[in-house]
Amino acid sequence: MDERRGLLRYVFLGVFLGIAFTKGEVISWFRIQEMFRFQSFHMFGIIGSAVAVAAVATGLIKRLGMRSLGGSEIVTKVKPSAGLNYRYWVGGSLFGLGWGLLGACPGPIYALIGNGISVMFVALFTALAGAWAYGYLAPRLPHH
Amino acid sequence: MVVIGGFIVGFGARNADGCTSGHAISGLSTFQISSLIAVLGFFAGGLVATHLLLPLIFGAW
C-alpha cells in the first residue's frame, strides 16, 4: 500500500478523535472535576465503554489477524510488570495529580488547542518539559 | 496551575509509560496488571488534586 495514503488515513482518524473528544466533552475541565467528585456517570461511562469496545476490537484484530492501515502486523504492546511496580504507582499518581490540577490529559491538550483554548499551549510546553525532565532523571529513578 | 499540572502530566505519563488512553483504555482492554496499577494511581492522584490541592489553591468552595 502507498505509504502516504496510509498516513493520510491516520490524519483523518486523528481528526475524528479530536471531534469525539470535543463532542463527548472529554476535554471539559468540568467533566474531569465531576468525575473526581463522583457527581456524574459521564466520564466513567465514556472510559468504561471505550475499554469495552477496545477489548472486543483487539480480540477481533487478533482472532482475524487484521493488519494496520500501513499493512503491518498489529502487536499489542505489553507494559512489563515487575517487582513492586514502583514506576506505575508513582508515575500514575503524579499523572493523576496533573490530570486533576490541569483538568486535561495529554490527548485533550491538543484538542483544547484546536478549540482555541490558547492557554493550553502553556500546558503543552510544560508537559513536554516534564517528559524531558523524566528522560533526564530516568537513569536515577527506581522503576520496580 | 496550568504550568505545574502540565509539567507533572508530562513527567507522569513518561514515568508510568502511558496516559489515560494508553493505560486505562489500551492497557485495561488487554488485561495488563501494570495498567491496572497505573489507573489506580491516576485516580489516587486525581482525587488528591481535586479534594486537597484545589481547595488549598482556591479556598473552600
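This is a predicted model: local features need pLDDT of at least 70, side-chain atom pairs count only at pLDDT 80 or more; totals for chains, interfaces and linings use all residues.
Residues are numbered from 1 along each chain as its sequence is written, and chains are lettered from A in the order in which they are written.

Chain A has six helices and zero strands; helices (H or I, at least four residues) and strands (E, at least two) are DSSP runs, numbered from the N terminus. The C-alpha atoms of chain A fill a box of roughly 40 × 40 × 30 Å along the principal axes.

Helix 2 of chain A spans residues 29–36, and its buried residues are Ile32(A), Met35(A) and Phe36(A). These three lie on the same side of helix 2 of chain A because they cover an arc of only 95° around the axis, the arc being that of the directions from the helix axis to the C-beta atoms. They pack against helix 3 (42–64) and helix 4 (86–102) of chain A, together with helix 3 of chain B. Just after helix 2 of chain A, Phe38(A) takes a positive phi of about 50°.

The contact between the chains takes 46 residues from chain A and 47 residues from chain B; two residues are in contact if their C-beta atoms, placed from the backbone, lie within 7 Å. On the side of chain B that touches chain A, helix 3 of chain B gives the most, with 18 residues.

Methods
A residue is buried if 20 or more other C-beta atoms lie within 10 Å of its own, exposed if 12 or fewer, and partly exposed in between; C-beta atoms are placed from the backbone.
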